[in-house]
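Subject: A structure for you to look at

Hi there,

Here is the structure I promised to pass on. Please open it beside this email and follow along as you read.

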Amino acid sequence: MTPWQRRWIFLVAGAGLVAFYLWGLSGLPGFGRYPGPYGFAILRVAVAQTNATGVVSAINFEYRGFDTLGEEFILFVAAAGVATVLRRLRGERERSAVDEAAGRDVPPTSSAVRMVALLFTGPVVLAGWWLASHAQTNPSGGFQGGILLATAFILIYLSGEFLVFKRLSPADLTDVVEAVGAGGFVAIGLSAVAMSLPYLKNFLPLGQVPGAVSSSGTIALISFFVGIEVAAAFILIVGELLDQTLLIRQGG
Amino acid sequence: MQVFPFVVVAWILGVGLYGVVTSRHLVHQIICLIVVQSSTYVLLLGVGYVTGAVAPYFFDVPDHTPAVDPVVQACALTDVVVEAAVTAMLLSFAIQAYKRFGTLDPQELADLKG
Amino acid sequence: MSTLAVQTPYTVSTAMMEVLQITLLVLVAAAATAVVLIRAGVRQVLMLSIYGVLLAVLFLAFQAPDVTLSELVVGAVALPIILLLTLAKVRKREQ
């Protein structure tokens, strides 16, 4: 089948799919006219029940905390999967990181990129930490803060220092941090079970003022664990891809 | 305005699928898959929107102000994480496919036999 | 409802909000078409990054700041990084 035939068959079938999709979407009550009871019911009780002013984070880590557990493990498995798929195959050799720096004929990093990357590393770490620890008050959360923390490490690589990046994020330490993050989330749920409460129930004191940093019980703690797990998983994924690009060579 | 966001959702879905089907480069195909998945974010947020309401954060507005639906926002957050994880896995498969077969053209990869 | 829930000195009417949302939706549709039509390479990854930022602004207009932050860090930072690393690996083998 030639590409042109494939394209025309797709255009006919795709038009049919889009028409069907639009017919289904036209049954919705229209944009801006949300009727549903679930959203309004949660908005009525969320702040009173959890003392968290960020209702989306309260939903993510408490009302639907089990879904977030699954999502975090998706990222965990993705990091493990990338490490497995990109393992050293038969017929490849991996140069050690020290050899690479000596004889590489790569153009040096421009000083503008170096300066900006190094200047921004500190503020990015601060912003990521703030986002990961303030899930219950503001539009923030463990996931966003975690990826920002990982971006700070990648900025170090972008400023031209691949060896420093490897030294600051050794694979063993990143593995341990990721496992602590994922295991911490599960452990918080299990410690609720140990107190004969349902799994992942909020059992820490809720605090006085809604929206303070130390309020809302386990929401802040879970968000912190998710943050470090996501940061470690992302550093692992980027580290694997960097190894592929820079260290692994073909041939015996 | 009643139905325009959903028309845009269907358009993005159709355009992304066209890119996936007629692609000649694995990385281009993966990026078009990202576009297809991003249409579902717009759909989720479009379903939960309430005209004239605020974001569901009550730090500076009084409690019980009419707000948009927070549940679909939590669903969209999970969706974004899943997209990142799936893309990382797909890219590692693409690298190994290139090492094994020497080509990144999906229409040629279909003909190779091991 | 068509009246605003919160009135501050900076709020605009619902009609202006709708105009903003319609504009952003058209821009997002155009950016998605551009991402698909550009050929693979660094240029397409940059267009994907721009598409991510436009999506983030659209989510902000839909009153969802949490999803905005997530889409920004994932679609405009994390995904282009791993895509560019893959492209570098592929191009290095071609040399």
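Predicted model: local features only at pLDDT ≥ 70, side-chain atom pairs only at ≥ 80, totals over all residues.

Chain C averages a pLDDT of 88, and 93% of the residues score at least 70. Within chain C, helix 2 (residues 42-61) has the highest mean pLDDT, 95, while helix 3 (residues 65-94) has the lowest, 88. For the model as a whole, the scores are ipTM 0.91 and pTM 0.90.

Now for the outline of chain C. Its C-alpha trace spans about 60 × 25 × 20 Å along the principal axes. The radius of gyration of chain C is 18 Å, whereas a compact globule of 95 residues would have one near 12 Å. Of those 95 residues, 43% count as buried. If you take the contacts in chain C between residues at least 6 apart in sequence, 42% of them join residues at least 24 apart.

Is Gln63(C) buried or exposed? Gln63(C) sits in the loop between helix 2 and helix 3 of chain C, and it counts as buried because it has 22 C-beta neighbours inside 10 Å, where 20 or more are needed. Its backbone is worth a look too: phi of Gln63(C) is near 60°, a positive value in a residue other than glycine. As background, most residues other than glycine have a negative phi.

His64(B) is not a glycine, yet it has a positive phi of about 70°. His64(B) lies in the loop between helix 2 and helix 3 of chain B. With 11 C-beta neighbours inside 10 Å, His64(B) counts as exposed, because the cut-off for that class is 12 or fewer.

While you are in chain B, find Thr40(B), which belongs to helix 2 (residues 26-47). Thr40(B) has 16 C-beta neighbours inside 10 Å and therefore counts as partly exposed. Thr40(B) and Tyr57(B) are 17 residues apart along the chain, and their C-alpha atoms are separated by 23 Å.

Let's move on to how the chains meet. Where chain C touches chain B, the contact takes 40 residues from chain C and 43 residues from chain B. On the side of chain C, helix 1 (14-37), helix 2 and helix 3 each supply at least two residues. Which helix gives the largest share of that side? Helix 3 of chain C does, with 15 residues. Sorted by class, the side of chain C that touches chain B has 26 nonpolar, 8 polar and 6 charged residues.

Chain B also meets chain A: 41 residues of chain B are in contact with 43 residues of chain A. Helix 1 (4-21), helix 2 and helix 3 (70-101) of chain B each give two or more residues to the side that touches chain A. The largest share of this side, 15 residues, comes from helix 3 of chain B. By class, the side of chain B that touches chain A divides into 29 nonpolar, 10 polar and 2 charged residues.

Chain A itself has 10 helices and 2 strands. From the N terminus on, its elements run α-α-α-α-β-α-α-α-α-α-α-β. Chain A has 252 residues, of which 40% count as buried. Among its contacts with a separation of 6 or more, 73% are between residues 24 or more positions apart.

The largest nonpolar core has 127 residues, and the members that touch the most others are Phe234(A), Ile237(A), Leu45(B) and Ile82(C). Helix 10 (residues 218-246) of chain A gives the largest share of this core, 19 residues. Which residues does Ile82(C) contact, leaving aside its neighbours within four places in sequence? In chain A, the partners of Ile82(C) are Ile237(A), Val238(A) and Leu241(A), and in chain B they are Thr87(B), Ala88(B) and Leu91(B).

Happy exploring, and write back with any questions!

Best wishes

Methods: Residues numbered from 1 in each chain as written. Chains lettered and ligands numbered in written order. Core = buried A, V, L, I, M, F, W, Y, C linked by C-beta atoms within 7 Å. Helix = DSSP H or I, 4+ residues; strand = E, 2+ residues; numbered from the N terminus. Contact = placed C-beta atoms within 7 Å. pLDDT = per-residue confidence, 0-100. Nonpolar A, V, L, I, M, F, W, Y, C, P; charged D, E, K, R; others polar. Rg over C-alpha atoms; globule rule 2.2 N^0.38 Å.
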